[in-house]
Amino acid sequence: MFLQLKDSQDLVKIVDIQELLDPNSEIVHAQDQEGQEEQETDIYKKEELVFPSGEELPLCWLDAQYRIATAA
């Protein structure tokens, strides 16, 4: 799965989808999609990422307490 960095609009390839879906994890391991050769895996904060369309990540991927926050 590819996501985009908010500030630079560079694409990154998510290494572990389960890490992305886990709301208890604030970071993901991904590879920058720069150049033709595969890049080293790096760590990115989920809050810095969006879908390539510009849409924000779902709250349930970011906050384990999202149901409590939306119920109020």
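## Strand pairing

Two strands are said to pair if DSSP finds at least two bridges between them. Helices (H or I, at least four residues) and strands (E, at least two) are DSSP runs, numbered from the N terminus. This is a predicted model, in which local features need pLDDT of at least 70, side-chain atom pairs count only at pLDDT 80 or more, and totals for chains, interfaces and linings use all residues. Residues are numbered from 1 along each chain as its sequence is written, and side-chain values use heavy atoms, with hydrogens and water left out.

Strand β1 (residues 2-5) is joined to strand β5 (residues 49-50) by 2 bridges, and the two run antiparallel. Leu 5 has Leu 49 of β5 as its bridge partner. Strand β1 also pairs with β2 (residues 11-14), in the antiparallel sense and over 3 bridges; here Gln 4 stands opposite Leu 11.

## The β1-β2 hairpin

In this hairpin 5 residues lie between the strands, and Gln 9 takes a positive phi near 65 degrees. Asp 10 also belongs to the loop between β1 and β2. With a relative accessible area of 34%, Asp 10 is partly exposed (buried means under 20%, exposed over 50%, partly exposed in between; 1.4 Å probe, protein chains only).

## Residue Met 1

Met 1 is located in the segment before β1. Its relative accessibility is 41%, so Met 1 counts as partly exposed.
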